[in-house]
Amino acid sequence: MSLLETSAVKVRFGGNIALNDVSISVEAGSVTALIGPNGAGKTTLFNTITGLQPLTSGHIVFNGKDVTKEPPHKRTRMGLARTFQRLELFTSLSVRDNVRVAGEIRNRWSFRTTNMDVNAETDRIISLVGLQGVADREVGEIPTGQARVVELARALMIQPTLLLLDEPASGQTEEETEAFGELLKSLAHNDGLGICLVEHDMALVMKVCETIHVLDFGTIIASGTAEQVRNDPAVIDAYLGSPESVG
Amino acid sequence: MQTFLQYTILGLAIGGSYFIAASGLVVTYTTSGIFNFAQGAIAMLAVFTYWQFRWGWNWPAPLALLMVLGVLAPLLGALLYQIVMKNLRGTSEVTKIIVPIGVMLGFQALATWIWNPTSSTPRQFQKFFGANAFVHFGDIKVSWHEIIAFVIAIVIAAGIRLLFVRTRSGVAMRAVVDDPELLQLNGGRPERLAMISWAGGSFLAALAGILIQPMIGSAMSAGQLTLLVIDAFAAAMFGRLRSLPRTFAGALVIGLTTTYVIAYFPSKWTWASSFRNSLPMIFLFIVLIVLPQDRLRGATVLRLRERFRMPSIRTAWIAGLVLMIVVFCLKVIMERTAVNTLTLALTFAIIALSLVLLTGFAGEINLAALSFGAIAVIVVYHFGTSGSGAEARTTLWGILLAAVVTALVGAVIALPALRLRGLYLALATMAFGVFVSRMVLTERNERDIFGLKFTIFTAGQLTIPKPKIGPFDFNSPDAFLFLCAGLFVVIGIGMVYLRHSGYGRRLAAMKDSPAASATLGMSVIRLKLSIFMMSAAIAGIGGVMMAAQIGTVNSDRFDILLSLSLMMITVVGGIGYISGALFAGIFLIAFVQMLDLTLKKFAVDYSSLEAIFMFFVSAVTVLPATIGITMGKNPSGAVSDIVEGLDQIKQSKPLMFTLIGLEAAIWALTATEVITNWHFVILTLINLLIVPVVGGKIVIARMMRGVPKPIPPELIGIDRPFTAEDLAEMDHALNLEGVVIPSAGTVREEASGVSA
């Protein structure tokens, strides 16, 4: 059984259908990508999975449990973490405190099971993602590329089993993206995390993702490996436009 | 039956007027995203202006109406938007709430200035077509005025609906609030539309005011009229600031229930009239509690213009020590009355600390700090004193009990806060504040509450003695001064510790991004409840100290407008800083009072210029609000400017020693009574303001000669030419190292030519 399954998820904003019968799955220990043109509904899908956006219909099953009706913080406590495309950092805190507070929040809700040493874990995560150089800077002062890494570090602090990353590589330099891709692979393959990634950097997607779902106008138009998706006529159509419309 | 119909018609007419005011709120909120707290004050100004034209100068009614509704009110709204509200884009929710409140307080002070409330003849306001213009339907008598009010309400409801749904500019208006930039891209002009809607909203407020004033039948009072239209907030909330039909229904329900209370409550229920006045606020509170939960939103603005830096714990201890020394030095040289003013200012600073904790640390809003103070004072008065006469003292247990009770009340007020944020929460606390003013502080009769007989607000005033804690008696003014200063320092340092704890970081997380906090697994309920209770308890303790300093307090001391002023000035000082609270207390109490006294003294000393000085005395009453209104331009507050200035002074030892040396000399001269207190204040101001500015310039000039300041990357090429290192760095960042593009070589040569 998959770590995360959405079945026939539908979201309607007034007369606009943002998501229409979207069913995808994310496996533990692998990296899945969610790609599609701007406005396809990728972030909306993330919002429904994390509980920030109520669904019109459909179900979301996480870890074998139907979480459709659960509030966001309850889903997180089951091991679901995410980052945001529009950065949602805690701007009054330093980089280190942004990461640390996530651990402190986690210790509040997991105190019965596994209490972590927040300071040690903060240091470990910060060096894992390579933020040592900016750890004591104000979070508003660092470049966007690094700010996205802070979001990742913060999400890792709650020790999730599923990680949703919304355009984590945008704003990063090529070197940063390279290292980032390796980090994702290692998290999935060595630590067994399920990772779902919304990303426009196709080089990164093709390199690290085992499965790719393509979303267009709120509908999944293709799912499969990089090779399958790359040659799918519907995908070519969505990205490049159909031959008729060009002519 | 006759009574019923009579009161139904009156209720419909009052409800109709509420609707007109509420629709103005909806229109301005829809198009500018700013809730116009000044709506009531605009209505009040319109009523006074109309009175001036119509009865002051005896203009005919149509001309006066045309002037007020057709010209002045829309003009005022448009100007308000252009000068004040436009600057609020990109500021935090708190600033968006505080600035309109500043406008409201400013108008209030302005009206009191122009139309002196203590003037001999009470200002009477007549219904349209006179007090005796009635229509008879069978045996019921309806005044033309009431009919007009209700008909206009219906016309306006239909008109606005048509405007929003059917016309192009109406649809554009609704688009403004959703996404002004997108609208601009599509050829709309959001700024102009918002300005027009503010003109319209102001017109509606003025109309509502003129209709409602004669129906309530009392003499005109600036404060009362302002708050009266605030009753319309409840109706606007019922429509969730969007739906006009629901707003209309809400307005009628409020209008009808309030009139039915007058008609049907037995006259022996002495609280009926207070209850009637509080009804709209009770209604508002209930509406806010049952409102469906807001969607969890992230930070609404990517990068707010506000920035607050938290001091380290060490800095906090040093600052606390410095404050105690300063207070001691001031005490030595100051006159008795000045010491009393300083003590009062410190008690207000303690109350303001509760606001810094709640708003600055946690992002929640409380507009009724003094109402919590009032509750604490009532508790202390009834249960917290020992001894009598000159021996009466407030006990430690009394103060603690008061803190516990206010914390519990705070928990109840936090109920809407658990689900709502920002504006809705601000309104809920304001409803509570007005409720306390109208229902609790007006209680003069003995009540039998659960078998406990007592009078809540005995004879309109309560006497609170100075506290005695264990063996320490704080009855003497000096001792009490140090108690208040010490209390401020202790609570302030405690707050810095709190902010540096895990709890404080979780508060910051909740404030900065509720969405991210939730996706990290945070449940905000306990956090919000605890911070509200803590804040309420601090406000309560501050309130008790304030009352103990004054001695005997009447209900005016806890007025909602005073709470609003305090909140506004704290935001002006810097809501994220402990020193912002100190600024608020000193400014609101000591500084304003000092200016007032100085100007009055000058008016007596130089009697030929009396008129000019008395003009400035009045101008001082408008001053705090004027400063509050400018918040849109400097949302981080005055303290952050001062902190930055101090940072510069710290860079230069000579400057710091000059400053301290001069100040010590001024103090010594005053202590030896060579110069007076007045000179001390003026010389200190000069020293603290002029020396850093002039000295700072020198320091900066010297620093500039040393190391050049780093230039932000986007200004390279503008502030200074590109250097070879810059280009190498850019190549590295863009991954272009070693790549030779034909034109790049020439560019590089030109660039190095410039730099050479």
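**A first look at chains A and B**

Chain A has a mean pLDDT of 89, with 96% of its residues at 70 or more. Bear in mind that this is a predicted model.

- Chain A has an open sheet of 6 strands, and they line up as β7-β8-β9-β4-β10-β11. The pairing is mixed.
- The edges belong to β7 (80–82) and β11 (219–224) of chain A. Each has a single partner strand, so one side of each has no neighbour in the sheet.
- Going from one strand to the next, the twist averages 15°.

**Where the chains meet**

- Chain A puts 29 residues into the contact, and chain B puts in 23 residues.
- On the chain B side, α18 (502–512) and α19 (514–519) of chain B each supply at least two residues.
- The biggest giver on that side is α18(B), with 6 residues.
- What kinds of residues make up the side of chain B that touches chain A? They split into 12 nonpolar, 7 polar and 4 charged.

**Two helices in chain B**

- Helix α10 (residues 244–264) of chain B has 21 residues, which at 1.5 Å a residue should span 30 Å. Its end C-alpha atoms are 30 Å apart, so the two values agree.
- Among the buried residues of α10(B) are B:L244, B:F248, B:L252 and B:I254, along with B:G250 and B:G255.
- The cover over the buried residues of α10(B) includes α1 (2–32), α5 (144–166), α9 (222–238) and α11 (272–290) of chain B.
- Helix α14 (residues 369–383) of chain B has 15 residues and should span 21 Å at 1.5 Å a residue; its end C-alpha atoms are 22 Å apart, which agrees.
- Since 13 of the 15 residues of α14(B) are buried, this helix is largely enclosed by the rest of the structure.

Definitions and conventions. Residues numbered from 1 in each chain as written. Chains lettered and ligands numbered in written order. Predicted model: local features only at pLDDT ≥ 70, side-chain atom pairs only at ≥ 80, totals over all residues. Helix = DSSP H or I, 4+ residues; strand = E, 2+ residues; numbered from the N terminus. Expected span 1.5 Å × (residues − 1). Buried ≥ 20, exposed ≤ 12 C-beta atoms within 10 Å, placed from the backbone. pLDDT = per-residue confidence, 0-100. Pairing = 2+ DSSP bridges. Axes fitted to C-alpha atoms, helices over the stretch in contact; angles between N-to-C directions. Contact = placed C-beta atoms within 7 Å. Nonpolar A, V, L, I, M, F, W, Y, C, P; charged D, E, K, R; others polar.
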